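Let's take a friendly walk through a structure together.

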Amino acid sequence: MSRNPGFLFVLPAIIVLGMLIVYPIAYTGVLSFTDSAGHYVGFKNYDRIIHSRVTSRAVWNTAYYVLGSILFQIVLGTLTGILLNQKFPGRGLVRSMTLIPWVIPGIVAATTWAWMFHTEFGIINHMVVSSGLTDKPLGWLTDRNTVMPALIAINVWKLFPFVAIMVLAGLQTVPEELYESARVDGATFWQEAWHVMIPQIRPVLVALTLLLLIWGLNAITIIYTITKGGPANRTLIIPIQIFRIAFEAFQLNQAAALSVMFFAFTIAFVIVYIRVFATAPEERGS
Amino acid sequence: MFAGTVLLVFICLFPFLWMALSSIKPLGELYTAPPVWLPEHPTFENFTHVLFDSNIPRYFLNSTIISFGSTAIALALAVFASYGFARFKFRGKGLAQAFILLGQLLPTAAIIVPLFITLRIFGLVNSYLGLILVYTIITLPLSVWMLTSYFRAIPAELEEAAIIDGATRLGILFRITLPLSLPGLVAIIVYAFVTTWNEFLFALVLAQDYRVKTLPIGIAEFTTEFNTDWGAVMAASLIMTLPIAILFLAMQKMFVGGLTAGAVKG
């Protein structure tokens, strides 16, 4: 092994990740095909999950939440990144303040926004009512039609700064000549943004979208803290459903079946996404 | 553009300010419509309530121990692994890198059930060690990824000179490579610490006892279905945010530099 010190350097990390990732994944597979006594039951657990009405609700909610969040995170984050790349007095300070939502713990963002969205005493209802947008207070987090958009807004607030800072980093590598030649051609600011900046930061946006997708699928903090999946399962996402089946109904085997499907779907989606969008990063495999 | 900047700062800052203002309002000013903008009779009663009549101080201690422990382990593992990836060629390297990246793509909710059962078998549910180990798998993949690109950016010639002088690989790593990678190290320390400090789902499942529960769980506990002590929640939220804010402000330049450098190169 002394000829191969690189492998020895890497080994400890591989062992730890193997124990805590590979083993649990394999074990989830086993659990999903057995009953609580450990007897093989074929696809019975999967059958239960697939034919449960709650599951299709959870799938729909998850897609709504994740895709809605990503759309606004990318758009607002990119616009903010472009703004922060301009020269203006106090730019350093504004850049720092933009990061606040991202730095604040998820649970704190959740509780603070829940308080701001409070039906009776919340500042948001006060703002919308006193500015005449609505004539009576809205039950943002208790009404089935507003709860998901409100949660998406919180999630977007939490993560668009991260997109902005990454876009900013990407923009800083754009060569000045590209802007100059665009200006010679008489491009307006927005034409410049669309034809010069966006193509240059495309790899960053592709990677960010993937990261946001994974984070979105994992995200439980905001929704679990604020609504626990309610009202009437309107915000029940798959991670909360797994938690409920496993630790409230104590159906570990069914939870495992849902976990396996969730996992398989995520990996399949990631692979397809990388195939379709990613231009091979230069350092891969070197 | 000016209007955009003002709006941006307002949106980013306001919730934080509102939390801080709410935390020093007495009950009467919290539960009133229309809301009072600035507290007329500022009070610290929410803070004294949180500090002396709740488990929050204990949870603070738990969070601190678990975050430090997990960050230390993730850092040590990441330093060695990244150095191996950045400086050596060996069979299975591509596979090993893909495997570590897979850890970052993993939906945590999908492995929580078997992780819970596994830790239960080893008696690690409701223990510091269990949570510390589990958090390592969340922070390790991205740490390895960031640090590998940092190490790669350091010219190998510096190390080759030391090899000729007879230095060992470990000696080189600790005396040459690590001191040169300080911004990268700071970035992953901040990343690992903050991620662990904020994590919710694993703590919810794996810490069911006040002796190991962390701050996020403690704050969620203030909220019950019918009654929430919003003043206490805001005070506890502020207490939880403070260490993160201080850490971030102190390390900001290095952290953002290290983070974005890794992102652009990776």
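Which are the buried residues of helix 5 of chain B? They are B:Ala96, B:Gln97, B:Ile100, B:Gly103 and B:Leu105. Here, buried means that 20 or more other C-beta atoms, placed from the backbone, lie within 10 Å of a residue's own.

## Before we go on

This is a predicted model, in which local features need pLDDT of at least 70 and side-chain atom pairs count only at pLDDT 80 or more, while totals for chains, interfaces and linings use all residues. Residues are numbered from 1 along each chain as its sequence is written, and chains are lettered from A and ligands numbered from 1 in the order in which they are written.

## Helix 5 of chain B

Helices are DSSP runs (H or I, at least four residues), and strands are too (E, at least two), numbered from the N terminus. Helix 5 of chain B covers residues 93–105 and reaches 19 Å from its first C-alpha to its last. That is close to the 18 Å expected for its 13 residues, where the expected span is 1.5 Å times one less than the number of residues.

Its buried residues pack against helices of both chains, including helix 1 (5–32) of chain A and helix 4 (56–87) of chain B.

## Chain B as a whole

Chain B has 13 helices and 0 strands. Buried residues make up 48% of its 266 residues.

## Where the chains touch

In all, 70 residues of chain A are in contact (C-beta atoms, placed from the backbone, within 7 Å) with 77 residues of chain B. Helix 1 of chain A gives the largest share of chain A's side, 18 residues.

Key. A residue is buried if 20 or more other C-beta atoms lie within 10 Å of its own, exposed if 12 or fewer, and partly exposed in between; C-beta atoms are placed from the backbone. Two residues are in contact if their C-beta atoms, placed from the backbone, lie within 7 Å.
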